[in-house]
Amino acid sequence: MTARTYITLFSITSATLLFDSCIEEKPEQTESSFQHIQTTILNTSCALSGCHASSQDASFTQHGLILKEGEAYANLVNADPHNHHAHEDGLKRITPGDPEKSFLIHKLHCDTDHHSHDYGSVMPLGLDPLSQGQIEYITKWIEEGAPETGMIDADLALLDGLEAVDRPA
């Protein structure tokens with residue numbers, strides 16, 4: 001090869017590298033509606049020691065539900081509840097596309113007229129109830145198919161939890 005060929009190859013290689021470095025690669029989307037629910041609600045109100053953090057929790061044999069990161073989605077979506085009445089009524093913990101067939105929605109509602117059967121205590125037990133906005137966001141997520149990845153068409157501000165629901169005394 002001649003010097004001219006080396007210079008041409010060097011120029012082409014340099015231009016290619018320079019051009020490639022100028023193209024901005026879009027980062028993979030890691031944000032998801034479920035991750036926002038996990039971080040904002042499940043981690044702070046559910047996956048707590050003594051509640052739904054591990055199989056070592058005192059109430060685990062009753063509910064069989066772990067809601068910590070990495071396990072919550074599989075334990076919720078299309079999973080059968082341990083509650084006898086909910087199971088008889090054909091509910092899943094979360095039924096994608098159908099909030100009324102989702103046991104979680106029944107567990108979050110404070111009004112006693114919401115249930116036709118005894119579905120147990122309103123959640124989160126012993127803590128402030130979720131806000132209307134938080135329940136609305138979860139409901140919308142279920143309506144849109146309860147996706148594990150991607151964002152639903154709902155305002156993230158609903159998760160702020162500013163207006164808590166009043167529980168009956």
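Mentor: Gladly, and we can begin with disulfides. A search of the whole structure finds 0 of them, where a disulfide is a pair of cysteine sulfur atoms within 2.5 Å. This is a predicted model, so local features need pLDDT of at least 70 and side-chain atom pairs count only at pLDDT 80 or more, while totals for chains, interfaces and linings use all residues. Residues are numbered from 1 along each chain as its sequence is written, and side-chain values use heavy atoms, with hydrogens and water left out.

Trainee: What makes Cys-51 too far for a bond?

Mentor: The closest cysteine sulfur to that of Cys-51 belongs to Cys-46 and is 8.0 Å away, which is too far for a bond. The cut-off is 2.5 Å, so Cys-46 is in no disulfide either.

Trainee: Which residues line the largest cavity?

Mentor: Cys-46 is one of them, along with Ile-41, Leu-42, Leu-104, Leu-108, Leu-130 and Ile-138. On a 1 Å grid over the protein atoms alone, a cavity is a set of points where a 1.4 Å probe fits but cannot get out; a pocket is an open set with protein on both sides within 12 Å along at least five of seven lines; and lining residues have an atom within 4 Å of a point. α2 (33-46) and α6 (103-108) each give two or more residues to this lining, and α2 has the largest share, with 3 residues. Helices here are DSSP runs (H or I, at least four residues), numbered from the N terminus.

Trainee: What is the volume of the largest cavity?

Mentor: About 30 Å³, where a volume is the space filled by probe spheres set on the points, with grid points joined across faces, edges and corners. The count comes to 1 cavity of 30 Å³ or more.

Trainee: How do the residues of the largest pocket's lining divide by class?

Mentor: There are 14 nonpolar, 10 polar and 2 charged residues. Ala, Val, Leu, Ile, Met, Phe, Trp, Tyr, Cys and Pro count as nonpolar, Asp, Glu, Lys and Arg as charged, and the others, Gly among them, as polar. The largest pocket has a volume of about 600 Å³, and α6 gives the most to its lining, with 4 residues.

Trainee: How do you know that the length of α7 agrees with what a helix should span?

Mentor: The expected span is 1.5 Å times one less than the number of residues. Helix α7 (residues 132-143) has 12 residues and should span 16 Å; its end C-alpha atoms are 16 Å apart, which agrees. Its buried residues include Ile-135, Ile-138 and Trp-141.

Definitions and conventions. Buried < 20%, exposed > 50% of the residue type's maximum accessible area, 1.4 Å probe, protein only.
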